[in-house]
Amino acid sequence: MVVLSDGMGHGIKANVLATLTATMALNFTKEHKEPEKTAEIIMKTLPECSERKINYSTFTIIDIEYDGKTTLLEYDNPTCMIIRDRKVFQHEVKTISLTCDSNAGKKIRISSFYPKKGDRIIFCTDGIAQSGMGTPVSRLAGALIM
């Protein structure tokens, strides 16, 4: 199991919420909860930003079973990329809109595949794209990325 979580903003609050999210994700995944249920419980637990109406933490969960089946669960992070034979491996990604009251309409991505020897999973937080937004350096970096 691998979990990547990123709290919104910076500082103690962001760190605490990212740690809480990662801990819950690990525990629910270890208990073999359905990915949709895991996401829903985590998102219900997290506080919501009063201005932007979004959860304070993003997450990516990668669960590799004993038989090799690999499941990816993603919320608000850039989509994971799988490299196979030095090319991007196109796997089926299912986008689900949550229906519970507090998270109605929020989308999670779920996908599963069986890896082959040499496969690589590349994943990152939205903090990569948003770090330093609004500063002169970020405008330069954004131009270089695009």
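Are glutamate 74 and arginine 109 buried or exposed? Select the two residues and take a look: both are buried. Here, buried stands for under 20% relative accessible area, exposed for over 50%, and partly exposed for what falls in between (1.4 Å probe, protein chains only).

Before moving on, a word about what is on your screen. This is a predicted model, in which local features need pLDDT of at least 70 and side-chain atom pairs count only at pLDDT 80 or more, while totals for chains, interfaces and linings use all residues. Residues are numbered from 1 along each chain as its sequence is written, and side-chain values use heavy atoms, with hydrogens and water left out.

**Stop 1: the salt bridges**

Stay with glutamate 74 and arginine 109, whose side chains meet in a salt bridge at 3.4 Å, N to O. Glutamate 74 belongs to strand β3 (residues 70-75) and arginine 109 to strand β7 (residues 107-113), so this pair ties together parts that are 35 residues apart in sequence. Helices (H or I, at least four residues) and strands (E, at least two) are DSSP runs, numbered from the N terminus.

The count of salt bridges comes to three, each being a side-chain nitrogen of Lys or Arg within 4 Å of a carboxyl oxygen of Asp or Glu.

Next, select aspartate 119 and arginine 84, a salt bridge with its closest N and O atoms 2.6 Å apart. Aspartate 119 sits in the loop between β7 and β8 and arginine 84 in strand β4 (residues 81-84), so here too the parts tied together are 35 residues apart in sequence. Aspartate 119 is buried at 14% relative accessibility, and arginine 84 is buried at 12%.

Then pick glutamate 31 and lysine 33, where the closest N and O atoms of the salt bridge are 3.8 Å apart. Lysine 33 is partly exposed, at 35% relative accessibility.

**Stop 2: a three-stranded sheet**

Show β5, β4 and β8 as a cartoon: these three strands form an open, antiparallel sheet in the order β5-β4-β8. At its edges are β5 (87-88) and β8, each pairing on one side only. Strands count as paired if DSSP finds at least two bridges between them; β4 and β8 have three.

**Stop 3**

Keep isoleucine 122 selected. Strand β8 covers residues 120-122, and isoleucine 122 is partly exposed at 45% relative accessible area.

**Stop 4: the largest nonpolar core**

Which residues touch the most other members of the largest nonpolar core? Select Ala39, Ile42, Met43, Phe59, Leu73 and Ile108, out of 18 residues in that core. Such a core is a set of buried Ala, Val, Leu, Ile, Met, Phe, Trp, Tyr and Cys residues joined through side-chain atoms within 4.5 Å. At least two residues each come from α1 (12-30), α2 (35-45), β2 (57-64), β3 and β7. The most come from α1, with four.
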